[in-house]
Every structure is written in structure tokens, then in C-alpha cells.
Amino acid sequence: MRNTGGEHVDEAVASAVALLRTVADRDWDGVRAGRLEWSCRRTAAHIASDLIAYAGQLAGRAQDAYVPFEITLDGTEDGLDPADNDGILQVIEATGTLLAAAVRTTPREVRAFHPYPFRSANREGFAAMGIAEVLLHTYDIAEGLDLAYEPPAHLPEYVLTRIFPHVQPGSDHWRTLLWATGRGELPGRAPLAEWRWNNNLVLPTERLTLQGVTPAAAADLSAGGDGGFEWVEGGPFEGTRQAAGMVVKAYEGGVHRPEFGLFALVRRDDGLAVGGMGFHGVPDGDGAAEVGYDLAETARGNGFATEALRALSEWAQARDDVRTLFATIDHDNAASQRVIARAGFVRATVEEERTARDEHDLDQGLRLYVLRGRQEA
């Protein structure tokens, strides 16, 4: 899985411009863009502004602030004529090229600031956001000008599986994306008045970053791929692939919450993934969430699992919806038991293990370990 998204940005821009160029001779300024308050002309300028803004954020690698870029198309004091509709399309093509180039040339580990929801995005995230802006606002313009517009299906799929992990996929990716952004209806789903996309969560430690695995990466991992990560020798291990399959199942079922999914453990010094760690699902009604982890054999014995588990546990315990973390470990897996103990977990009581076996069909060969939150201490 080595698609950074640059070619998808190019394709999205080409698809949009090809359609809009057929109506470049029409009035865009006096026509509202679909359900937006903006005119078609202003919406087209907004597409270009977003593309250059995302390119600038990613190329500049801003970490703490969003740097605004605004394309103005109304001429200047120097006497330059304002851009006509065809000129606006040329600006969209140029800014799209800049974003695609930034996506292609930015290293995989680089993240830049974006406010929602976790304050940063990587190159795939910025590519997906740029593609979303192009597809959705072209749809708005087309609706205002009474045109039919439908992009290639793999483009909305790319967007959905990168920055809409909380949206259950449908058989029609384009209609699903339109529904997910308040622009359409889907059978069996209530209309949306508000929406947000969702870049992946990254948790830093001294030597690692825990990088949230998107549905696209999870699908690739579960199918035997690398998920877009570069792995140490022997990685990813079997448990990471199984966890990726759980993410895919939850995503397809519409119950995936990305912050309670799978994280790849990536070393800071060389950018190589050494293992996987995460949750088996969202917290239950009592605020209990199960954690699991594994490392490639070549990465074991360095304290990576303990370091990552401490960071993940600290993040979880700071939330209002988590009261207890727990893990089940084979009774003869002494190495994993040492990891869980160093991270602050303790062996569950006999009564807790008995309850877990009764309610969750816990295997007799597994030991239950728990980490209680502040409110449970």
C-alpha cells in the first residue's frame, strides 16, 4: 500500500475542471452553488483557496497554527483584469498541482496542523481533505448550474476510508459521501445537519509514535499488506493483522470509533513500525475497554510495548467514558505479563475473573489484568 494520494488529487481536479469547463461561458457570479450561501464563482475560488492552503500547511509543516490562504479573483490595484471563469479553472488546476506535489514529496511521518479533531494530519489526510473539497464543491456548483456530476467511485472511497472512519460505508461511495456531508439522503439513515471529517489520532512517546490506523490501512493489513507503513523485519506480526481485521469489521458495521481502534507503533529514529496496539472496541456501558498488543519478534526486548501501553493507558484514563482498562493474557506468556505489570495493570481478583468467564466466555487458559481509572481507584 504505497499510494500517498497525489495521483488522486490530480484525478479529482481533472474530473472537476473537465465538467466545469463545459459551462465556463455561463454566469457563475449570479448563481448560488447548490445549498450553499455562496455563488458558484465564490465556491470555485474557495476550492482553489483550500488546495493552496493544504499545500502550504503540508509543505511548511506548521505545527501549532493554521495559516490562512485566500485566492482573490477580482483584479488588483495594478490594473490586472479579474479572472474569468476559465481563469478560475486554471487557478484550480495550478493549486491542485501544488497540493499533489506536496503530498508526493512529504515524508510519511510528517504531520502538519489541522484543527479537527486531533490537531494534525499527515500527507494522506491532507490529500483526502483536498479531494473532498474538490468533489463536494464541484457538486455544489454543478447543482447550482443544473449539471449532473459524479466523480470516479474510487475517489469518494479514498476520502471515506481516510477521513470519515466513523461513517458506515455503503454500496455507493459517492452517495455515502454526499450523505455524510449533509448533501444527500441514504435509505435507512437520518439526514445530517452537521458533520466533520476525522483525521487519525497520533500519540507520541519518547521513542515512538502511536499512529491511528485508518480503515484503508486496516483493510490492507488484514489482507496481508503493509498498511502504508514501513515495517521492521518480521513485521507486522499476526496479532496486528488480526486487530486490523477487527477494525475493518467494525467499520463495515458502522460501529468503528477511530480513537478506540488500532495503532501502529512507529519508531521515531527510523520511521519503522515495530508492532500494533489498541482496543478491541469502544468502552462498554460500565466504561471498560479491552487492550491488546504485539510486536515483531525483532523489536522485542527493548521496552517498546511498555512505553506504548503506558501512553495509551494515560490517554484513555483522561477520558470521561473510560473507567477501567483490561487485558487477557495466556497464563504461560511471561513476557507479556511483565509488560502489562510494568504499565501499571494488576491481576484481577478471583471474582472478576469468574465474572469475565461467565459474561464474556473467557478461556480458562487466560489471565485477566486490569488498570483502574482515577474514579475507580
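**Close-up views of a predicted model**

**Figure 1. Overall view of the protein chain.** The protein chain exposes about 17,500 Å², of which carbon and sulfur atoms supply 48%. The model shown here and in the views that follow is predicted. The chain holds 11 helices and 9 strands, and its C-alpha atoms fill a box of roughly 80 × 45 × 35 Å along the principal axes. Of the 377 residues in the chain, 52% are buried. Among contacts between residues at least 6 apart in sequence, 66% join residues at least 24 apart.

**Figure 2. Contact of helix 4 with helix 6.** Helix 4 spans residues 123-144 and helix 6 spans residues 173-180. Their axes come within 11 Å and cross at roughly 80°. Angles of 65 to 115 degrees count as roughly perpendicular, so helix 4 is roughly perpendicular to helix 6. Helix 4 contributes Leu135, Leu136 and Tyr139 to the contact, while helix 6 contributes Trp174, Leu177 and Leu178. By residue class, the contact consists of 6 nonpolar residues, with no polar and no charged ones.

**Figure 3. The largest nonpolar core.** This core has 56 residues, and Ile92 and Phe164 touch the most other members. At least two residues of the core come from each of helix 1 (6-21), helix 2 (40-60), helix 3 (85-105), helix 4, helix 5 (154-163) and helix 6. Helix 4 gives the most, with 12 residues. Another core, of 33 residues, lies apart from this one; among its members are Leu201, Ala289, Trp315 and Val339.

**Figure 4. Surroundings of Phe164.** With neighbours within four places in sequence left aside, Phe164 is in contact with Val159, Leu177, Ala180, Thr181, Trp195, Arg196, Trp197 and Tyr251. Of these partners, Leu177 also takes part in the contact between helix 4 and helix 6.

**Figure 5. Surroundings of His114.** His114 is in the loop between helix 3 and helix 4. The relative accessibility of His114 is 8%, and the residue therefore counts as buried, the cut-off being under 20%.

Key. Residues are numbered from 1 along each chain as its sequence is written. This is a predicted model: local features need pLDDT of at least 70, side-chain atom pairs count only at pLDDT 80 or more; totals for chains, interfaces and linings use all residues. Side-chain values use heavy atoms; hydrogens and water are left out. Axes are lines fitted to C-alpha atoms, for helices over the stretch in contact, and angles run from 0 to 180 degrees between N-to-C directions. Helices (H or I, at least four residues) and strands (E, at least two) are DSSP runs, numbered from the N terminus. Angles under 35 degrees count as roughly parallel, over 145 as roughly antiparallel, 65 to 115 as roughly perpendicular and the rest as oblique. Contact means heavy atoms within 4.5 Å. Ala, Val, Leu, Ile, Met, Phe, Trp, Tyr, Cys and Pro count as nonpolar, Asp, Glu, Lys and Arg as charged, and the others, Gly among them, as polar. A nonpolar core is a set of buried Ala, Val, Leu, Ile, Met, Phe, Trp, Tyr and Cys residues joined through side-chain atoms within 4.5 Å. Buried means under 20% relative accessible area, exposed over 50%, partly exposed in between (1.4 Å probe, protein chains only). Accessible areas come from the Shrake-Rupley method with a 1.4 Å probe; for residues, only the protein chains shown count as cover.
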